[in-house]
Amino acid sequence: MQHIGLLGLTLVLTTIATMTQGHAEDFPSRPLHLIIGFPPGSAADITARLVGDAMSQTLGQQLVVESRPGAGSSIAAEFVIRAPADGYTLYIGTSSNLTNAAISSNTHFDFGKDFAPIAPLTGLPLILAVHPSLGVASVQELIALAKSKPGELTYASVGPGTVPHLSTELFSVRANIKLIHVPYQGSPPAVTDLLAGRVSVMLGVASTILPPVEAGRLHGLAASSAKRPHSAPNLPTMAEAGLPDFDAGVWFGLVAPAGTPRAVVDKLASAANAALASEAIVAKLRAQGFEPLGGSPEEFAQLIARDTVKWRLAAEAAGLKK
């Protein structure tokens with residue numbers, strides 16, 4: 001009886017493997033839906049359309065971009081989680097999903113468990129900039145000034161709990177300084193007050209911060225990314241400026257519902273990485289201020305795990321956990 005049971009189990013597993021392989025070979029046989037949690041024209045939308053169009057050519061099926069904004073992109077995420085795990089409904093996840101979870105206990109999903117990572121797609125590097133009146137020309141000079149004036153220097157963010165906000169808190173923790181947070185509703189008012197000197201420091205998206213830096217109206221000190229961004233090759237990274245292993249920024253990546261067959265995940269990852277290897281796509285992304293990423297499902301899973309811990313610690317340091 002035991003022998004028959006093992007034989008039966010082997011046949012079942014073989015049948016499942018054969019069906020899965022057959023599904024992967026036929027995949028995709030119809031259009032795919034690529035869900036984003038932000039409005040058309042947003043960074044997530046730009047990433048989805050540029051990379052998705054190139055993936056369509058590789059896969060032989062259209063990737064239809066669908067916007068479901070709301071609740072910090074959680075509405076879109078929950079929609080995809082409930083979809084069949086067959087690779088036909090995908091989601092452009094972002095580091096904002098992790099910061100949302102870091103500051104709130106009310107999220108209804110676990111990004112690291114409820115999604116199957118496919119590939120990181122694009123990043124938006126952050127640039128640390130200061131008003132010229134501060135009189136500092138490097139990260140170390142800013143740190144020294146902040147230590148000499150504890151709790152006096154102010155920094156702008158695009159809103160509480162956002163990646164730039166938590167990245168600045170992370171910088172403060174790593175540098176052992178105290179900066180006063182002044183939140184704004186988006187980049188325009190934050191940059192306006194930084195230019196006017198009403199706040200002193202800002203860690204903002206490169207596409208927003210670099211124009212006034214290049215015009216000499218702000219002093220750029222460092223990039224928050226692990227590597228120097230293509231848009232600011234002359235600025236040191238935070239690590240180069242004396243904060244080892246500092247790596248913070250906004251990223252967008254492709255995920256599917258958990259349980260999606262690995263063969264399907266691999267096929268999607270191959271198409272995504274082929275798109276990001278295209279010189280034409282890279283040029284279009286960089287023209288919009290993005291850094292192309294790319295990588296394996298395992299590498300993306302590691303990024304998600306690292307950032308989950310990083311943003312939780314930053315939220316705790318800022319006293320934001322609800």
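Modeller: A residue is called buried when its relative accessible area is under 20%. By that cut-off, 50% of the 322 residues in the protein chain are buried. Keep in mind that this is a predicted model.

Colleague: Why is Thr89 called buried?
Modeller: The relative accessibility of Thr89 is 12%, and the cut-off for buried is under 20%. Thr89 therefore counts as buried.

Colleague: Where is Thr89, and which residues is Thr89 in contact with, leaving aside its neighbours within four places in sequence?
Modeller: Thr89 belongs to strand β3, which covers residues 89-94. With those neighbours set aside, its contacts are His33, Ile35, Phe79, Val80, Ala83, Ala256 and Pro257. Contact here requires heavy atoms within 4.5 Å.

Colleague: What makes up the protein chain in helices and strands, and why is the chain called as compact as a globular protein of that length?
Modeller: The protein chain has 12 helices and 10 strands.

Colleague: How do you know how confident the predictor is?
Modeller: From the pLDDT, a confidence given to each residue from 0 to 100. The protein chain averages 91, and 93% of the residues score at least 70. Over residues 9-20, however, the pLDDT is below 50, and this stretch has one contact in the model beyond near neighbours in sequence. Where pLDDT is low, predicted coordinates should not be read in detail.

Definitions and conventions. Residues are numbered from 1 along each chain as its sequence is written. This is a predicted model: local features need pLDDT of at least 70, side-chain atom pairs count only at pLDDT 80 or more; totals for chains, interfaces and linings use all residues. Side-chain values use heavy atoms; hydrogens and water are left out. Helices (H or I, at least four residues) and strands (E, at least two) are DSSP runs, numbered from the N terminus. Buried means under 20% relative accessible area, exposed over 50%, partly exposed in between (1.4 Å probe, protein chains only).
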